Amino acid sequence: MKKITRTAFYTVITCGFILYLALPVGAEEIPKAKYPILTTSAGQSPDVTTVNIVCEEAEIKYDYCDVPDIEILSAGVGLAGKESGEGFHSEVHSDLEKFPAGTPYKTMIIAIGASLKGMGASGLTVNDEVNRLKKIIDYCKDNEIFIIGVHVGGVSKRGAQGSDNEKMIDAVAPFTDYLIVTNDSNKDGRFTDIAAEKNIPLTEIEFALNLVEILQQVFTE
Amino acid sequence: MPKQWKIKVILILIVAAAVITAGIQLYNHRHYRMLLTAGPGVTKVHMLSDYCSGLKGTMADTHVFFLKGKEPGGKMLILANTHSNEPASLLAALIFLENAVVEKGTLIIIPQFNNSGGRNTRPGDGYPLYFEIQTSWGTKKFRMGNRDASPLDQWPDPDVYVHYPDKQLLSFLDIRNTNRTWPGRPNGALMEKVTYAAMELMRTEKVDMTVDIHGAETMFPVTNCIVAPEKAIRIATMTSLTLKAREGFDNHVEPSPSGFRGLSHREIGDFSDTLPFLLEAPLPFLDQPTGPKTVKLLLDGKDPFLLSLAKKNKLFVPYDESGWPMENRVGQHCSAVLELLRQFSRKSPDRSIQVKNVPRYAGIVKNGVGYYYHNPATINKKDLYFN
C-alpha cells in the first residue's frame with residue numbers, strides 16, 4: 001500500500017512539473033472571457049491587425065473597429081451598421097446566428113501601441129486618443145465588458161516615460177481585466193508592476209504567435 | 001610647339017586615357033555574361049519578351065524560368081534584381097533556381113528582372129563593378145548593377161515622371177526604376193514595358209502570389225520587413241509571426257500605402273488577382289554615411305560609421321560589430337519566401353504550392369551562400385544560361 005501511495009505521489013509531482021513546463025513563460029491562471037468580442041486599438045498602431053489575424057488563426061470570431069466611441073460600442077454586434085470610410089475602419093465577423101446584431105459585447109480586446117501615422121490617418125491627436133480610450137473603458141467597466149489588453153509590439157512600441165507609447169499603456173493597462181504581453185514588451189517589468197499593483201492576471205509570451213494558443217484558451221468554454 | 005600647347009596636349013591625353021580606361025571597363029561590365037544555372041526543377045525557360053513584344057532585342061529582355069511540379073496547384077512568381085544594387089535578391093533567387101524541386105504547383109523565377117539596371121553602375125558612389133561569392137569549387141562572379149535602368153537603354157528622362165495610369169507626379173529618375181513603373185503599358189517607356197510584361201505573365205499564367213525581393217538601408221524605416229497590401233496582409237502577418245517564433249529573426253509587416261503609386265506591392269494587387277509581397281532585408285551598403293562602397297562592405301555589411309550611429313539609436317535595425325552579412329540577408333529572403341508559400345498553401349489547399357530542397361535561414365547562415373551553388377563544370381551545358 002505504501003508503495004502504491006509513493007508511486008501515486010511521484011506521478012502527481014511529475015505530471016505537475018510537466019504541466020508547469022508546458023505553461024507559457026510568466027503565465028498565471030488564464031482567465032475565461034465570453035463572446036461576442038470587439039477588437040480595437042489604443043494608439044492606432046498596426047498591432048491591432050496582428051491581433052485580428054491571430055483571432056482568425058485561432059478561429060475566434062470578432063468585430064473590429066479602430067476608433068469605436070460609446071455610441072458604436074453600445075450598439076453591440078454589427079457596430080450599428082457603420083461602414084469603413086476615410087479614417088474609420090470596421091469589420092463584422094461575429095457569428096450573427098448566435099449573436100444577432102445588437103447583442104451587447106462581452107469582451108473587448110485592445111491592442112496597445114502608438115503610431116502617429118495611424119492616429120493621424122484617423123484624425124486623432126495623442127490626447128484625443130487617450131480621452132477616447134478613457135470614455136470607452138469607463139463604458140466597459142459600467143457594463144461589465146471584460147477588457148483584455150495586448151502588447152505584442154516589443155521595444156518598438158515602448159518608449160521613455162511620457163512618450164506616446166507609454167501614454168497608451170497608462171490609458172489602458174491599469175484598467176484591463178487581463179494582460180497579455182510579449183517578453184520584449186515587458187523587458188523593464190512595466191506590465192508586471194502594473195499587474196501586481198492592480199491585481200490583474202498577466203500572461204507573458206515569448207512570441208506574438210503564442211497569442212493564438214492563449215486566446216484559444218481564453219475563449220474555450 | 002609653345003609651352004602652353006604642350007600642357008594642353010598633355011592634359012587632353014590624360015583625360016582621354018582616363019575616359020578610354022573607364023570606358024573599356026564600363027563596356028566590359030555592360031557586356032559581361034553572367035552564368036545562370038538551371039537546376040533539376042526547371043521545366044521550361046521563356047523570355048520576358050514573350051509577354052510583351054516591345055522588349056524583344058533590347059537589353060531589358062530577360063530569362064523567365066518555370067519550375068512546374070508533377071501535381072497541379074498554385075503558382076508563385078519570384079522577382080529578383082528589380083533593383084540590381086540589392087544583390088541578396090539575385091543570390092536568393094539563384095538558390096531557388098539551382099536547388100528547388102517543385103512537387104505541387106509552379107514556381108516562376110525571373111532572377112534579373114531589371115536586366116538593363118544590372119548592366120548599369122553608379123560611378124558617383126564608387127560602386128564596385130563585380131563581386132564574387134566563394135564556393136567549394138571556386139568563386140562565382142556576379143555583375144553589380146544599379147537601382148535604375150541604364151540611360152543607354154532608356155533615354156531621355158522627362159523633367160517629371162508622370163505615372164501611368166494614375167498620373168501621379170514622381171521623380172524624373174523613377175521612370176527608369178522598375179519599382180515605380182508598375183503596372184506598365186505596352187507602348188510606354190522601356191521599363192514600363194518590363195513591368196507590363198510581368199503583369200501579362202501574371203494574368204495569363206494565373207499567378208497566385210508574387211514576391212519582389214529587395215534590400216533597404218538600415219537608416220530607412222521600411223527595412224527588415226514584408227510589405228503587403230490589404231488583400232495580402234493576413235498571409236504576410238502570419239509569415240512574419242512564424243518566422244520570428246520558429247527561425248528567430250524579425251521581419252515585421254508594413255502596409256502598402258494606397259496613395260503611393262507605381263510600386264509592385266501596390267499595383268500588382270490592384271491590377272491583377274495576384275497577391276503581391278515585397279521583401280526588404282537590411283543592406284548597409286546602401287546607407288549614405290558609410291565608408292567606401294567596397295565589395296567587402298557589400299558582403300559583410302560591417303561599417304564603423306553605422307556602428308557609431310547604431311549606438312546613438314539612429315538605425316531601424318539592430319546593428320553591432322558583426323554587421324549584417326550577405327548570408328543572413330539571403331537566408332532571411334529564402335525563409336520568408338518558403339514561409340509565404342506555406343502560409344498561402346494552408347489557407348488555399350486547392351492552390352497549394354509545395355517546394356523542397358531549398359535551404360532556410362539557419363542553413364544558409366551556417367554554410368554560406370556559395371554552398372548552394374553548383375559547379376557549372378558538372379552541369380549539362382543545356383542547363384547553363386548566360387546573360
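1. Confidence. The structure is a prediction, not an experimental result. Chain B has a mean pLDDT of 97, and 100% of its residues reach 70 or more. For the model, ipTM is 0.75 and pTM is 0.88.

2. Area between the chains. Interface size is often given as the accessible area lost when the parts come together. Chain B and chain A bury about 1,100 Å² between them, and 68% of that area is on carbon and sulfur atoms. Ten residues from chain B and ten residues from chain A make up the contact. On the side of chain B, the residues that lose the most area to chain A are R234(B), M238(B) and L241(B). Together these three account for 46% of what that side buries.

3. Charged and polar pairs between the chains. Five salt bridges are counted between chain B and chain A. One salt bridge joins E57(A) to R346(B), with the closest N and O atoms 2.3 Å apart. The count of residue pairs in polar contact between chain B and chain A, both at pLDDT 80 or more, is three.

4. Which elements of chain B face chain A? Helices α4 (233–247) and α8 (326–347) of chain B each supply at least two residues of the side that touches chain A. The largest share comes from α4(B), with eight residues. Sorted by class, this side of chain B has four nonpolar, two polar and four charged residues.

5. Domains of chain B. Chain B is divided into domain 1, residues 1–31, and domain 2, residues 39–377. Six residues from domain 1 of chain B and twelve residues from domain 2 of chain B take part in the contact. The C-alpha centres of the two domains of chain B lie 38 Å apart. About 740 Å² is buried between domain 1 and domain 2 of chain B, 57% of it on carbon and sulfur atoms. L26(B), H29(B) and R30(B) supply 86% of the area that domain 1 of chain B buries against domain 2, more than any other three residues.

6. Pairs between the domains. One salt bridge is counted between domain 1 and domain 2 of chain B. The side chains of R30(B) and D153(B) meet in a salt bridge at 2.7 Å, N to O. R30(B) is also one of the three residues named above for buried area. Six residue pairs, both at pLDDT 80 or more, are in polar contact between these domains of chain B. The side of domain 1 of chain B that touches domain 2 has one nonpolar, four polar and one charged residue.

7. Salt bridges over all chains. The structure holds 33 of them. One is formed by R176(B) and D157(B), with the closest N and O atoms 2.8 Å apart. The two residues are 19 residues apart and link distant parts of the chain. R176(B) is in the loop between β9 (169–170) and α3 (190–205) of chain B, and D157(B) is in the loop between β7 (138–143) and β8 (161–162) of chain B.

8. R190(A). This residue is in helix α7 (residues 190–198) of chain A. Leaving aside neighbours within four places in sequence, R190(A) is in contact with R158(A), E166(A), I169(A) and D170(A). With E166(A), the side chain of R190(A) makes a polar contact of 2.6 Å. The C-alpha atoms of R190(A) and A114(A) are separated by 16 Å, and these residues are 76 residues apart along the chain.

Definitions and conventions:
Residues are numbered from 1 along each chain as its sequence is written. Chains are lettered from A and ligands numbered from 1 in the order in which they are written. Side-chain values use heavy atoms; hydrogens and water are left out. Domain bounds come from an automatic or database domain assignment. Contact means heavy atoms within 4.5 Å. Buried area is the accessible area (1.4 Å probe) that two parts lose on being put together, summed over both. A salt bridge is a side-chain nitrogen of Lys or Arg within 4 Å of a carboxyl oxygen of Asp or Glu. A polar contact is a pair of N or O atoms within 3.5 Å; within protein, one must be able to donate a hydrogen and the other to accept it, and residues adjacent in sequence count only if both atoms are side-chain atoms. Ala, Val, Leu, Ile, Met, Phe, Trp, Tyr, Cys and Pro count as nonpolar, Asp, Glu, Lys and Arg as charged, and the others, Gly among them, as polar. pLDDT is the predictor's confidence in each residue, from 0 to 100. Helices (H or I, at least four residues) and strands (E, at least two) are DSSP runs, numbered from the N terminus.
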